Amino acid sequence: MSTMKTRPLALTMGDPAGIGPELALAAWLRRADEDLPPFALLGDVAHAERLAGRLGLAVPVRAIASIEEAPAAFGEVLPVLPLAAGVAAEPGRPDPENAPAILEAIDRAVALAQDGRAGAVVTAPIAKSVLYEAGFAHPGHTEYLAALATPPGGETPLSVMMLWSEGLAVVPVTVHIALADVPHALTRERILATARIVDRDLRARFGIARPRLALAGLNPHAGEAGAMGREEIETIAPAIAALRAEGIDATGPHPADTLFHARARKNYDAALAMYHDQALVPIKTIAFDEAVNVTLGLPFVRTSPDHGTAFDIAGRGIARPDSLIAAIRLAGRLAGAGAGVPT
Ligand SMILES: NC(=O)C1=CN([C@@H]2O[C@H](COP(=O)(O)OP(=O)(O)OC[C@H]3O[C@@H](n4cnc5c(N)ncnc54)[C@H](O)[C@@H]3O)[C@@H](O)[C@H]2O)C=CC1
Ligand SMILES: NCC(=O)COP(=O)(O)O
């Protein structure tokens, strides 16, 4: 394991009835094999210990008082920053009563990253519907993180969801909305703002000198010259023209059905899809165990596994930690934690 001085990552527990906490235990067990940067779990010590016992995982858990203690502790124990809100969770049985603890973990992780004390935020999955029942007013992490990143009296940044893997990166321009609302939400301004953030962050965070962005159409055959919908002509093509005029390497609108096969994927660094499933179906199909959800447009790094809470398998020890491990590794890389700072 690295002896370099690093800023630890802040890993939220997600929904404690989902697979997030057990994946955190599994990732910690693989820390040396995977050369993971140190992280602290924002969670509940007793819950993590019970889960480790139930799953037969040899994970010593220790409460730490500040995240600065995490790197030194990480080699021997799973460091946990305990939450003030209580956690009482049975695997597979989500309970809106846990909403305060779930949100506290996110809030504190973001505060640590904003203060420069954590290198990045890694979030374990939350079940949106469970939080909605408790009054949560944001569609998901992506939008909530933008709200948390809003400076006092300032503008809320546009947070952009990107699902990234070695072979494919996809960005849904519209995210957590009903399909019926997509055409209305898909404006030229939204496409422009999203593509600019993708271009900027692929350069700044991923080190791609001139990102190639491929924009999908919305309709079959990218509208078939207007016969199957006019969004391509009226909205998407003008946005692409404006992006190109700014010097951004944007192409399209491409028919979505031929944008994701192996040869097509070599032609771009990120595909901008017009709605959630147009983006997430291809990447989860080819890279479910490796893909990482990265939020662009924020003043701090946030990654997450590509999957959800998987209540159907929680507490059974069969959930694969690969995507969370990929999320931790990518967070470390994007935050510069992987390289470390010599002590
Ligand atoms: N970043 C986040 O917080 C995300 C949260 N969600 C939330 O998760 C909840 C459940 O969503 P679903 O659509 O059911 O998706 P899901 O990803 O939780 O589960 C879909 C299927 O994949 C399996 N699966 C998921 N992760 C797995 C893993 N690591 N190893 C093995 N099998 C795995 C599950 O058992 C299930 O059969 C929803 O409430 C949704 O809001 C979904 C995606 C991301
Ligand atoms: N389907 C992706 C997803 O739901 C992730 O959402 P978020 O909670 O990361 O915004």
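Analyst: Two strands are said to pair if DSSP finds at least two bridges between them. Helices (H or I, at least four residues) and strands (E, at least two) are DSSP runs, numbered from the N terminus. The model is predicted: local features need pLDDT of at least 70 and side-chain atom pairs count only at pLDDT 80 or more, while totals for chains, interfaces and linings use all residues. Residues are numbered from 1 along each chain as its sequence is written, with chains lettered from A and ligands numbered from 1 in the order in which they are written.

User: Which residue in strand 4 does Ala-63 stand opposite?

Analyst: Strand 3 (residues 61-63) pairs with strand 4 in the parallel sense, over three bridges. Strand 2 (residues 39-43) also pairs with strand 4 in the parallel sense over three bridges, and there Leu-42 stands opposite Leu-81. For Ala-63, the residue opposite in strand 4 is Val-80.

User: How many of the five residues of strand 4 are buried?

Analyst: A residue is buried if 20 or more other C-beta atoms, placed from the backbone, lie within 10 Å of its own, exposed if 12 or fewer, and partly exposed in between. Strand 4 covers residues 78-82 and is largely enclosed by the rest of the structure, because the number of its five residues that are buried is four.

User: Which helix gives the largest share of the side of domain 1 that touches domain 2?

Analyst: Domain 1 is 1-157 + 298-343 and domain 2 is 158-297, with bounds from an automatic or database domain assignment. Contact (C-beta atoms, placed from the backbone, within 7 Å) joins 20 residues of domain 1 to 18 residues of domain 2. Helix 6 (141-148), strand 12 (302-305) and helix 12 (322-335) each give two or more residues to that side of domain 1. The largest share, six residues, comes from helix 12.

User: Is Arg-302 buried or exposed?

Analyst: A UniProt "binding site" annotation in an unreviewed entry covers His-141, Thr-142, Lys-284, Asn-293 and Arg-302; such annotations may be inferred rather than shown by experiment, and their positions follow the numbering used here, with feature names shortened. Arg-302 lies in strand 12. Leaving out residues up to four places away in sequence, Arg-302 touches Ala-120, Val-121, Thr-123, Leu-145 and Thr-295. With 27 C-beta neighbours inside 10 Å, Arg-302 counts as buried.

User: How many charged residues are in the shell around ligand 1?

Analyst: The shell holds 18 residues, with Pro-125, Ala-127, His-307, Gly-308 and Arg-320 the closest; a residue is near the ligand if its C-beta atom, placed from the backbone, lies within 6 Å of it. Ala, Val, Leu, Ile, Met, Phe, Trp, Tyr, Cys and Pro count as nonpolar, Asp, Glu, Lys and Arg as charged, and the others, Gly among them, as polar. The shell has seven nonpolar and eight polar residues, and the number of charged residues is three.

Technical notes
Two residues are in contact if their C-beta atoms, placed from the backbone, lie within 7 Å.
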